[in-house]
Amino acid sequence: MFEKFIYLEWKAFTRSASFATNLGLKILMLFLAIYFALVFLALGIGAFYFIRKMNLEPLVTVNKFLIYYFLFDLIIRLLLQKIPVMNIRPLLVLPFKKPTIVHFSLGKTMLSFFNYAHAFFFLPFSVVLIMEGYDVVSVLLWHLAMISLIYINNFLNIVLNNKDNLFAIFVGIVIVLGGCQYYHVFDITNYTTVFFEGLFHTKWLFLLPISALIGLYYVTFNYFKNNLYLDSGLSNKHQIAKTEDLTWLNQFGTLGTFLKNDIKLIKRNKRSKTTVIMSVVFLFYGLLFFKNHALYNPVMHIFAGIFVSGGFLFTFGQFVPSWDSSYYQLMMTQNIPYRGYLSSKWWLIVIATVISTILSSFYLYFGWHVYLTIVVGAIYNIGVNSHLVLLAGAYTKTPIDLDSSKGAFGDKKAFNVNTMLISLPKLLLPLGLYWIGSTLMSPNLGLTMVAIAGIIGFALRDKVFSLIEKIYKTEKYKTIAAYKQKS
Amino acid sequence: MIQVNDLSKTYNGTTVLKIKNLEIPKGQSFGLVGNNGAGKTTFFSLLLDLIQPSTGHIINNEIQVNSSENWKPFTASFLDESFLIGYLTPEEYFYFIGDLRGQNKADIDALLANHEEFFNGEILKNKKYLRDLSKGNQKKVGIIATLIGNPEVVILDEPFANLDPTTVNRLKKIIKELAENPDVTVLVSSHDLLHTVEVCDRIVALNKGEVVKDIQTSAETLQELELFFAV
């Protein structure tokens, strides 16, 4: 039975419309995966000696922070790990036993990179432990427990996938716990370390995570099996709709028409809502850079400056016009002024960038220079990157499934790694400019140069729009054909 | 109104549509019938410049559709659900199309009031997004949206499919009214010979991409068509 599923999966992969770009990105992602694997590997081997050098007991220290490790893992999973989207509906009436369908879907998640990525850390770490004379059996049992915990996270992600807002809740938990620990109010690790240490020292304790894993698999399995109906797990949720006129936008003419539509697009679709959440997450990205002055070269600050205000730009702009992919044929038969259409998306990006810049004023805490960097980043985003993403988007032919609220089995993970990857080149130019400026004279010259690039870009807006218009027109038939195929 | 010259569409060596010459005069109600794969949707897609012709071209009101976009303001169409914007309510969708066609809210409201019977109370003020409507109700929205802004050419692909019997009759009435207007050219495709004969002045049958029948509707038309499609 299973080989039939694998056959289907293979066909789905090789025959998807965007296979060519998919493959390119897959290769890129492979490199990224290898990179992370190497990093983890180095971490696994290096961690032990590094910690020991700091006069700490390595295993105890690792055990201390494991709680955060697993919490972060869960957060990353909630954000990035996709639940395998099998087209389950057509299978329901075919002679497959339901458990087979569910086992396969769950089994597929177990093979995910998100699971075996951890092996790159835990395997070398365990090997080093044994080599350093730790009790072999204890190390193996501890390792087994870690694997179970990783898979517990895997299934937790699946079960929790159906709930909204969890991402925010978990981030909140981590921030609160971390904050309490930092200010010595309450230290959760005092309690969890006992457990993780126990996994090593107490021979039978590893049974706990293993039985938890088995239990969780059973729960997940039953949850899916019981919801394998068109009107429950596989159903479409119906929201209560409210007609909104947004008449105040009428004063903007055609621009207003499209703005009205785009605002509804963002408000009413899960996929687009995720981009808004992402832009909020991006706001805090700078903390990584500005906090550790020692760790990061100042040139990298401009990198952060661009990311802080550019979250929406990167996650939304990249997919113009794919946001309208599901009704692209309609757009192409209506009398659509491309400029109005583009302007509307552009204005959304600009408004989001400005709001992000204002919200990020808390960076003033790190000094004027830091906030200035962010403002300059915003100028560059508005002037150059907003055009670049729209330009890149004109070639994007990935249809977007806006109705991602398909229930338990739907593709719910809107944000993906691909988006991030495409965004990277847009950061290199300001980085270069800033670097030239700051090596020639001072960081301020660097900032000025980036800001000027932004202003020049802004002045070229009409030219870029005309160019994008032309691309839209020449790519029209290809785009229609690609959007017709649902990925 | 619509002039087809040497039109053909080929996919990887297979010709799916080949029409040497076809003229649809202004005001005509034109029915396109044929089996699956006969090329009906392909023809409409070409007419709407959604796909590129392999040879030849279509002229819509003196505008060649694949080289200029000026046919868009007076041409309205509904081919399938991909013409609907799923996250809008029906009202918002009508207003959106209205905005694009230069109609204000009052114009749209008047039009909608006119077709309240057609909607059968299931469309307007129903607190549902288009994506959550049934196929039939979605179709109703799409069809009425083509009437916005007094288009001169109305193109409907399989409008009768998925509709309940009462709505089919109401739709026939709407199409007949449109056809009576000498300024409006209506193009309808269907599998259903009876419905098509009832609403169209002229019927063209396609088979494997070629025109095999071209008849002005008369009392004998239905019989003639049924004979042709008989097994």
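Q: At what angle do helix 17 and helix 18 of chain A pack?
A: In this predicted model, helix 17 (residues 338-359) of chain A packs on helix 18 of chain A at about 160°, and their axes are 10 Å apart.

Q: Parallel or antiparallel, then?
A: Angles over 145 degrees count as roughly antiparallel, so helix 17 of chain A and helix 18 of chain A are roughly antiparallel to each other. Their crossing is right-handed.

Q: Which residues make that contact?
A: From helix 17 of chain A you have A:Leu342, A:Lys345, A:Trp346, A:Ile349, A:Val350, A:Thr353 and A:Thr357. Helix 18 of chain A answers with A:Ile374, A:Val375, A:Ala378, A:Asn381, A:Ile382, A:Ser386 and A:Leu390. By class, there are nine nonpolar residues, four polar and one charged.

Q: Nice. What about helix 15 and helix 18 of chain A, how do their axes cross?
A: Helix 15 (residues 299-317) of chain A and helix 18 (residues 368-395) of chain A have axes that come within 8 Å and cross at roughly 40°. This crossing is right-handed.

Q: And which residues does each helix bring to it?
A: Among those from helix 15 of chain A are A:His301, A:Gly305, A:Ser309, A:Leu313 and A:Phe314. The helix 18 of chain A side includes A:Thr373, A:Gly377, A:Tyr380, A:Asn385 and A:Val389.

Q: How do those residues divide by class?
A: The contact of helix 15 of chain A with helix 18 of chain A has eleven nonpolar residues, eleven polar and no charged ones.

Q: One more pair: how far apart are the axes of helix 18 and helix 22 of chain A?
A: They are 9 Å apart, and helix 18 of chain A packs against helix 22 (residues 461-474) of chain A at an angle of about 10°. Angles under 35 degrees count as roughly parallel, so these two helices are roughly parallel to each other.

Q: Who's touching whom there?
A: A:His387, A:Leu390, A:Leu391 and A:Ala394 come from helix 18 of chain A, while helix 22 of chain A gives A:Arg461, A:Val464, A:Leu467, A:Ile468, A:Ile471 and A:Tyr472.

Q: Changing topic: what does chain A average in pLDDT?
A: Chain A averages 80, and 86% of the residues score at least 70. Over residues 405-416 of chain A, though, pLDDT stays under 50. For that stretch the model has 36 contacts beyond four places in sequence.

Q: OK, on to chain B. How is it divided into domains?
A: Domain 1 covers 2-74 + 151-230 and domain 2 covers 85-150. The C-alpha centres of domain 1 of chain B and domain 2 of chain B lie 24 Å apart. Each domain puts eleven residues into the contact.

Q: Which helix gives the most on the domain 1 side?
A: Helix 6 of chain B does, with four residues. Strand 7 (153-157) and helix 6 (165-180) of chain B each supply at least two residues there. By class, the side of domain 1 of chain B that touches domain 2 of chain B has seven nonpolar, two polar and two charged residues.

Terms used:
Residues numbered from 1 in each chain as written. Chains lettered and ligands numbered in written order. Predicted model: local features only at pLDDT ≥ 70, side-chain atom pairs only at ≥ 80, totals over all residues. Domains from an automatic or database assignment. Contact = placed C-beta atoms within 7 Å. Nonpolar A, V, L, I, M, F, W, Y, C, P; charged D, E, K, R; others polar. pLDDT = per-residue confidence, 0-100. Axes fitted to C-alpha atoms, helices over the stretch in contact; angles between N-to-C directions. Left-handed = near helix turned anticlockwise from the far one by under 90°. Parallel < 35°, antiparallel > 145°, perpendicular 65-115°, else oblique.
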